[in-house]
Amino acid sequence: DTPAGLRGGMDGAIVSWEAGGKRRETSTHTPTALVKDLIAKYADAKGEVPGLAVRRPTLEDTYLALVGHRVEELS
């Protein structure tokens, strides 16, 4: 398949943030809902989630998903 075709099979987004001094990351088909949960759980007095980033999966992310790499889930 083409790179675009492979990436197309990985819908959603990758959301990352900092919690307890560690970088967390998860893949989700509902990034807005996840960000809302993170705001409720980790937001500081200014309403910011430390280190929050939302991005589309890269070709590398797709490859790692295909070979069995699992991203850390929100706890």
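Val35 touches Val15, Leu52 and Val54, leaving aside residues up to four places away in sequence; contact here means heavy atoms within 4.5 Å. The structure is a predicted model in which local features need pLDDT of at least 70 and side-chain atom pairs count only at pLDDT 80 or more, while totals for chains, interfaces and linings use all residues. Residues are numbered from 1 along each chain as its sequence is written, and side-chain values use heavy atoms, with hydrogens and water left out.

**Architecture and confidence**

- The protein has three helices and three strands, and along the sequence these follow the pattern α-β-β-α-β-α.
- Helices (H or I, at least four residues) and strands (E, at least two) are DSSP runs, numbered from the N terminus.
- The average pLDDT of the protein is 80, and 76% of the residues score at least 70; pLDDT is the predictor's confidence in each residue, on a scale from 0 to 100.
- Confidence is lowest in helix H1 (residues 3–8), with a mean of 58, and highest in strand E3 (residues 53–55), at 95.
- Of the contacts between residues at least 6 apart in sequence, 56% join residues at least 24 apart.

**Burial and accessible surface**

- Of the 75 residues of the protein, 25% count as buried; buried means under 20% relative accessible area, exposed over 50%, and partly exposed in between (1.4 Å probe, protein chains only).
- The protein exposes about 5,100 Å², of which carbon and sulfur atoms supply 55%.
- Accessible areas come from the Shrake-Rupley method with a 1.4 Å probe, and for residues only the protein chains shown count as cover.

**The nonpolar core**

- The largest nonpolar core has eight residues, namely Val15, Trp17, Ala19, Leu34, Val35, Leu38, Tyr42 and Val49.
- Strand E1 (13–19) and H2 are the elements that give two or more residues to this core, and H2 gives the most, with four residues.
- Such a core is a set of buried Ala, Val, Leu, Ile, Met, Phe, Trp, Tyr and Cys residues joined through side-chain atoms within 4.5 Å.
- Leu34 is placed in helix H2 (residues 31–42) and is buried, with a relative accessible area of 7%.
- The C-alpha atoms of Leu34 and Val15, which are 19 residues apart along the chain, are separated by 8.0 Å.
- Ala19 has its place in strand E1 and counts as buried at 12% relative accessibility.
- Ala19 touches Arg24 and Tyr42, not counting residues up to four places away in sequence.
- Ala19 and Tyr42 are 23 residues apart along the chain, and their C-alpha atoms are separated by 7.4 Å.

**Salt bridges**

- Side chains of opposite charge can pair when their charged atoms come close.
- A salt bridge is a side-chain nitrogen of Lys or Arg within 4 Å of a carboxyl oxygen of Asp or Glu, and by this rule the count comes to two salt bridges.
- Glu18 is partly exposed, with a relative accessible area of 40%, and Arg23 is partly exposed at 43%.
- Arg23 is found in strand E2, and its C-alpha atom is separated by 9.7 Å from that of Leu52, 29 residues apart along the chain.

**A nonpolar surface patch**

- Tyr63, Leu66 and Val67 form a nonpolar patch on the surface, with about 350 Å² of accessible area together.
- Patches are made of residues with over 30% relative accessible area and no salt bridge; like charges are joined within 9 Å, and nonpolar side chains (Val, Leu, Ile, Met, Phe, Trp, Tyr) within 5 Å.
- Tyr63 lies in helix H3 (residues 59–66) and is exposed, with a relative accessible area of 52%.
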